[in-house]
Amino acid sequence: MLHDPSSYTPPPLPTELKLTPREKEALKRLAEETGRIAADPVHREKAELWRRLNDLDSVRPMVWINEIPWHEMNVDDELTLVCENAWARELETRLRRNIYQWRHMRGDMIVSDYIECPLAIHSTDFGIIEDVQVARTDEASDIVSRHFNIQIRDFEDLEKIRMPVVTHHQEVTELGFETMQGLFRDIMPVRKVGQTHIWFTPWDYLIRWWGLEEAMIDLVMRPELVNAAVERMVDAWMVELDQFVEQNLLALDCNNTRIGSGGYGYTQDLPGEDYDPAWVRPHDMWGCSNAQIFSEVSPEMHWEFAMRHDLRWLERWGLTYYGCCEPLHNKLDLLRRIPNLRKFSVSYWNDLDKVVAGVGGDYVLSWKPTPAIFAEDTFNPAKAREDLERLVRKAHGACHLEFIMKDISTVRYKPQNLWKWAEIAMDVAQRSEGSAAPSGPGAR
C-alpha cells in the first residue's frame, strides 16, 4: 500500500545520499547473498506452481508467511543493522529480512533476481488525520491497541474526506536509483518499480474516524449517511488511481507481489489485453477489497454498505481478491457477484464445510491458520499440523488452496517456532500433492 489514508505522510525531499565505506560494504554483501539466492532454479519452479494455483490448475497448496513480528526474530545478529544513514537502513532492513526469511521460513517464497528501487510517489492522503490513543504491551512492537476519537458525526463532516493529489518526486527517485546502481551494478540489476498492488479497504479507515460501535448503529439508524460516506471514500481512491494511471506510476503485480491478504500474484491471465509494457493500467493488475468489521453483519447489509460500493473499484482490475479476517462462509453468493474474482480469504473463523461445499474449485481459497498458536505458553507442532491437515481433508479433491500464515502479533521471542511451522506447512502441502481440484472449463 502506498500510504495510510488516515495519517499524514510528508513528501520525500531530494537529499544527497552519502554513505560511509562500512555502509556500502554491508549493502554490497547483502546484495551478493541475495543474488546467490535468486540464482537458485527453484524460484522458476515455485513461480510455475504459484501460476498454476492462481490459474485454477493447482498441483498442491502453496505456503507463504508474512506480517512477521520482526522485533522478536533476531538470531545471531542476522537482523542487526550496521547502517546509520536512514535511506541505507531502510534498504538494509529489506535485504536482511528477505535473506532471513529464505534461510529459516521460506515456504514457497520467491526471491527476485533484481533489487527494487521504488518510485518516490507521494499522496496527500484523504484529509482526515486519525485522532488516536495507543496502549502498548511491548515497546518494541508496532502491534498496539487503539482507541479512535470520533471525527465523523453527520453529513457535513464528510467534507473532511478530501480528494488526494499524487506526485512523483522524480529527483528523489533518481537519487536513490543512481546510488543503488553505484552499489550493485556488478552484483545485481536495479529496477525502478512503481505502485504495485493497492490495499483498498474503505471500512478499515472509516471506523477510525467514525467509531466502530457508532458505525454499526448507523447502518440501521442512518443508512443514507453511511452510504454517502462509503461513496466518498471510494471516490477518493478512484481519484488517486486515476492519477497513478495518468502519470504512468503503476507496476505489474502478476509476480512475487502479495495480493490482497494472500500469496503471490503469478498468473497467465495478466497482464490484460492490449498490454503496453511501457504503460501499465489497472486491467493488467490484481485488485482487492474487504470489509473486516462486517464479520457479523448480514449478507444483505454487507452488500448494501460495502460490496456494491467496492464493485466500482473492483471492476477496474483484471483479476481480484476479496476478504481478510472476516468470515465469508455465509456470504458466498455475494462473492459470486464479483465478476473478476479469482481468490478469496478463508480466515480461521470460517465454516470450512460450507466454504468447500459452496465453492469447490471455482476460486482459490486463501486459508489463514490461526497465529494464536505462537502466543501460547508452549508451541504445539502437532496442533499446527492438525490444523493444516484438517483443511486438506475437508478440501480433498475439491479446492485450490494456499496456506498463508499472517497477522503474527508475537512468537513470544521464540522465532524457531515460526521456522518449525513453515517446515510443517511445507510437509503437509507436499504430501497433499495431486489432491487439488480438477482444472478445465468446468473448474471455474
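What pLDDT does the protein chain average, and what share of the residues score at least 70?

**Figure 1. Confidence of the predicted model.** This is a predicted model. The protein chain has an average pLDDT of 93, and 95% of the residues score at least 70. Residues 440-444 are a stretch where pLDDT stays under 50. For residues 440-444 the model has 10 contacts beyond four places in sequence. Where pLDDT is low, the predicted coordinates should not be read in detail.

**Figure 2. Packing of helix 5 on helix 6.** Helix 5 spans residues 202-210 and helix 6 spans residues 212-221. On the side of helix 5, the contact involves Trp203, Ile207 and Trp210. Helix 6 contributes Leu212, Glu214, Ala215, Asp218 and Leu219. By class, six residues in this contact are nonpolar and two are charged, with no polar residues.

**Figure 3. Salt bridge between Glu130 and Arg208.** Glu130 and Arg208 form a salt bridge in which the closest N and O atoms are 2.9 Å apart. Glu130 sits in the loop between strand 3 (121-123) and strand 4 (132-135), while Arg208 belongs to helix 5. The pair is 78 residues apart and links distant parts of the chain. Side chains of opposite charge can pair when their charged atoms come close. The structure holds 35 salt bridges.

Figure 4. Helix 7 covers residues 223-246, 24 residues in total. From its first C-alpha to its last, helix 7 reaches 34 Å, close to the 34 Å expected at 1.5 Å a residue.

Figure 5. Most residues other than glycine have a negative phi, and most peptide bonds are trans. Leu56 is not a glycine, yet its phi is positive, at about 60 degrees. Leu56 is found in the loop between helix 2 (42-54) and strand 1 (62-65). The peptide bond from Leu270 to Pro271 is cis, with omega near 0 degrees. Pro271 lies in the loop between helix 7 and strand 8 (286-289).

Methods
Residues are numbered from 1 along each chain as its sequence is written. This is a predicted model: local features need pLDDT of at least 70, side-chain atom pairs count only at pLDDT 80 or more; totals for chains, interfaces and linings use all residues. Side-chain values use heavy atoms; hydrogens and water are left out. pLDDT is the predictor's confidence in each residue, from 0 to 100. Contact means heavy atoms within 4.5 Å. Helices (H or I, at least four residues) and strands (E, at least two) are DSSP runs, numbered from the N terminus. The expected span of a helix is 1.5 Å times one less than its number of residues. Axes are lines fitted to C-alpha atoms, for helices over the stretch in contact, and angles run from 0 to 180 degrees between N-to-C directions. Ala, Val, Leu, Ile, Met, Phe, Trp, Tyr, Cys and Pro count as nonpolar, Asp, Glu, Lys and Arg as charged, and the others, Gly among them, as polar. A salt bridge is a side-chain nitrogen of Lys or Arg within 4 Å of a carboxyl oxygen of Asp or Glu.
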